[in-house]
Amino acid sequence: MDAIWLTGAEWLAVLRIGLGLWWLESWRHKDKRSWFEGGGIRWAADVAAKHRWHAVRSGFDVVVAPRPRTMAYVVLYAELALGLGLVLGFLTPIALVGGLLLNLLYFALMIHDWAEQGQNSMMALISLVALFGMSWQSWSVDSALGLFL
């Protein structure tokens with residue numbers, strides 16, 4: 001593979017790190033106090049209640065609605081863990097698969113919102129490229145430790 005300025009593996013690392021920074025920004029911009037008091041989950045419950053797909057409405061009612069505080073912690077700390085894991089390149093394949101799954105969940109929940117669809121589909125695409133391109137080969141803790149070779 002020919003590449004300009006960096007090697008192909010290094011460009012994949014740039015892509016991985018950029019995706020990690022995107023997850024960190026998603027975590028950073030949330031009002032944590034409001035989320036931990038249930039505000040973020042109340043917003044998502046309102047979105048789910050109006051959703052066109054019955055499976056999303058009922059799934060939200062069964063999984064998320066009964067435990068809003070726990071789910072707020074899951075969402076916030078998942079985004080933080082994904083961001084740190086991808087930026088540092090630590091447990092990278094796990095972070096990429098976890099991020100892909102979270103993006104698919106967000107995509108399904110926000111199916112009516114074009115901006116959210118675009119963001120989540122692009123993040124999912126980057127996750128796939130970074131996963132199948134083995135983006136942890138350069139500039140990563142995984143590479144330094146000899147993980148996932």
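Biologist: Okay, contacts first. Among those between residues at least 6 apart in sequence, what share joins residues at least 24 apart?
Modeller: That share is 72% for this protein. Keep in mind that we're looking at a predicted model.

Biologist: Noted. And how many helices and strands are there?
Modeller: Eight helices and zero strands. Read from the N terminus, the order is simply α-α-α-α-α-α-α-α.

Biologist: What are the dimensions along the principal axes?
Modeller: The C-alpha trace spans about 50 × 25 × 25 Å.

Biologist: How much of the chain is buried?
Modeller: 40% of the 149 residues count as buried. As for the surface, the protein exposes about 8,600 Å², with 70% of that coming from carbon and sulfur atoms.

Biologist: Now F36. Which helix is it in?
Modeller: F36 belongs to helix α2, which covers residues 32-36.

Biologist: Is F36 buried or exposed, and why?
Modeller: F36 counts as buried because its relative accessibility is 16%, and the cut-off for buried is under 20%.

Biologist: Which residues does F36 touch, leaving out those up to four places away in sequence?
Modeller: R69, A72, Y73, L76 and Y77.

Technical notes: Residues numbered from 1 in each chain as written. Predicted model: local features only at pLDDT ≥ 70, side-chain atom pairs only at ≥ 80, totals over all residues. Heavy atoms only, no water. Helix = DSSP H or I, 4+ residues; strand = E, 2+ residues; numbered from the N terminus. Buried < 20%, exposed > 50% of the residue type's maximum accessible area, 1.4 Å probe, protein only. Contact = heavy atoms within 4.5 Å. Areas by Shrake-Rupley, 256 points an atom, 1.4 Å probe, with all protein chains shown as cover.
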